[in-house]
Amino acid sequence: MFLGTYTPRLDDKGRLILPAKYREELSYGLVLTRGQERCIYVFSQREFEKQHEQLAQASLSSRRARDYARVFLSGASDEVPDKQGRVTIPSMLRSYAGLDREVTVIGAGNRVEIWDATAWQDYLQQQEEAFSDTDEDELPGLG
């Protein structure tokens with residue numbers, strides 16, 4: 001499970017040093033793809049395969065399912081971190097997420113998310129207000 005918040009920097013080649021806690025799980029390969037809210041999702045190869053299997057179960061007659069799969073899969077890039085734990089983020093994904101030098105990397109359970117640092121702070125500030133108002137009706141089993 002991926003947890004925590006980290007603030008690495010992108011280098012001039014668009015590479016990111018993965019947080020040490022995440023390296024073992026991602027060392028054999030990972031998939032970067034467009035995430036919702038203009039971040040980048042990072043899945044282990046195994047977890048990405050699970051996500052793909054779930055997408056494949058959606059009906060081809062569902063336009064929303066086709067649209068989601070197209071956006072999700074067309075932005076995907078499989079990568080293998082180098083010996084220093086660095087991974088190159090393709091320019092298309094850096095552009096999609098508005099990444100510059102300052103980024104925030106968060107653990108989101110089954111995935112890692114890479115955010116522009118300012119965008120993450122703005123998002124977090126907005127969501128922290130709603131966080132305290134969330135009740136069990138919205139998230140059954142919590143409480």
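1. Some ground rules. Residues are numbered from 1 along each chain as its sequence is written, and side-chain values use heavy atoms, with hydrogens and water left out. Since this is a predicted model, local features need pLDDT of at least 70 and side-chain atom pairs count only at pLDDT 80 or more, while totals for chains, interfaces and linings use all residues.

2. Start with the largest nonpolar core, which has 20 residues. (Such a core is a set of buried Ala, Val, Leu, Ile, Met, Phe, Trp, Tyr and Cys residues joined through side-chain atoms within 4.5 Å; buried means under 20% relative accessible area, exposed over 50%, with a 1.4 Å probe and protein chains only.) L16, L26, L32, I40, I89, L99 and I114 touch the most other members. Elements that each supply at least two residues include α1 (20-26), β3 (30-34) and β8 (112-116), but α4 gives the most, with three. (Helices are DSSP runs of H or I, at least four residues, and strands are runs of E, at least two, numbered from the N terminus.)

3. Have a look at I114. Leaving aside residues up to four places away in sequence, I114 touches L16, L32, C39, I40, V42, I89, L99, V103, T104 and V105. (Contact means heavy atoms within 4.5 Å.)

4. Now helix α2, residues 45-56. Which of its residues are buried? They are E47, F48, Q51 and L55. Seen down the axis of α2, these fall within an arc of 100° (taken from the directions from the helix axis to the C-beta atoms), so they line one face of the helix. On the other side, R46, E53 and A56 are exposed.

5. What covers the buried residues of α2? The cover includes β3, β4 and α3 (63-74).
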